[in-house]
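Work through these exercises with the structure open beside you. Try each task before reading its solution.

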Amino acid sequence: MRMTDVTGHLAGLGGDKWQVHLKARELIDAGADILEMTIGEPDVPTPDALVEAAVASMRAGRTGYSNGRGEAGLLDALAARYTKSRGRPFGPENFLCFPGTQTALFAVMAGVAQAGDDVLVGDPMYATYEGVVRATGADMVPVPLRAEHGFRMQAEDIAARVTPRSRAILLTTPHNPTGAMLTPEDVAAIGRVAEAHDLWIISDEVYEELVFEGGVFTSPLADPELADRVIAVSSISKSHAAPGFRSGWCAGPAAFCAALLPYSETMLFGNQPFIADMTEQAVRDGSDVAPGMAARFAARAALLAERLDSETDLTVHRPEAGMFAMINVAATGLDGEAYAWDLLQAGVAVMPGSAFGAALKDWVRVALTVDDAAFATAVSRIVTHANAKTRVVA
């Protein structure tokens, strides 16, 4: 039977990148002693108050259809939050609600790019980004995020890759997988490139509330001069430890949201009212769990860096935010893919850096989301494994 071009566009971009993770789960299910540090889920359950808010809303009969844009209470809450945090006015017309950041990004990308277009994306990148771009028929143009620049996207690297086909720049700040954050100067310089070439800026800001102590988050949405070209996506998945509720949104120009609304309606016609009510409470009250997660993730990243930097020939890129740390494993003589498979035999599951782009072929990504005791054990196993490998190389 015939299938459409989109299946070809996405070939090899799905679960193939998660083979180490899937194998680790298989081994764990069979009783193996594997410490799983692959995917990024909050290290605490969804707060009881939010669960109860969803349950109360269901019991109150909020289980019918929503509207395509989202529930009024949630839209008002988002407008209030973004007006305060971004320092310029937002209204309900500046938002569309979706089931999670991923769906929001998929819809937004469909609104700015199509066949014949290019989208500039930092390399390394979150594993689904290439698929999101290619699903529109557009091509992804990798922009190298260099370790010497702290893995922060540089305006000159974007400018060097802009062509008449370019339509959008996809940013992630704080960044997955590296934990890097764009500075105000970075954002301003990227904005100037976008203005010069009439490009959209799409900003994935799902890790906004997991910034480590001393860090400062900068959103392109805060710059009024970029207001007509910036669209941000986010959710409560990370900030409120609620990934399973699938509740997110996009924020952007009112005209863009109005134009995208029919597309959103053909996909899902709004989010579930009881989840919207729970999300409204989360947005209005803020997060009680994000500060603790950020502190724990920062402490685990520091432990990883201190031990590996002092006891092995591996090097760690210290994140500024988020749920992950990156390890350069080139000293072992293995690339990240081979190293991840080899480390699995030593009882630790990590993600090959190549799952996030060619720039990380010599790196692996480590989730900081396991509890402190398990994390310390995993670090000790990594140290022992790394020293055995580097002795062989030497």
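**Exercise 1: a serine in a strand**

Ser 235 has a relative accessible area of 2% and is therefore buried (under 20% relative accessible area; exposed is over 50%, partly exposed in between, with a 1.4 Å probe and protein chains only). This is a predicted model, where local features need pLDDT of at least 70, side-chain atom pairs count only at pLDDT 80 or more, and totals for chains, interfaces and linings use all residues. Residues are numbered from 1 along each chain as its sequence is written, and side-chain values use heavy atoms, with hydrogens and water left out.

Task: find the strand that holds Ser 235, then find what its side chain reaches.

Solution. 
- Step 1. Ser 235 belongs to strand S7, residues 230–235. Strands (E, at least two residues) and helices (H or I, at least four) are DSSP runs, numbered from the N terminus.
- Step 2. The Ser 235 side chain makes a polar contact with the side chain of Thr 101, at 3.0 Å. A polar contact is a pair of N or O atoms within 3.5 Å; within protein, one must be able to donate a hydrogen and the other to accept it, and residues adjacent in sequence count only if both atoms are side-chain atoms.
- Step 3. The Ser 235 side chain also reaches the backbone nitrogen of Ser 237, at 3.1 Å.
- Step 4. Leaving out residues up to four places away in sequence, Ser 235 touches Gly 100, Thr 101, Val 206, Ser 247, Gly 248 and Trp 249. Contact means heavy atoms within 4.5 Å.

**Exercise 2: a helix and its cover**

Task: list the buried residues of H8 and say what covers them.

Solution. 
- Step 1. Helix H8 spans residues 184–197.
- Step 2. Its buried residues are Asp 186, Val 187, Ala 189, Ile 190, Gly 191, Val 193 and Ala 194.
- Step 3. Their cover includes helix H7 (155–159), strand S5 (166–172) and strand S6 (200–204).
- Step 4. After H8 comes Asp 198, with a positive phi near 55°.

Technical notes
The expected span of a helix is 1.5 Å times one less than its number of residues.
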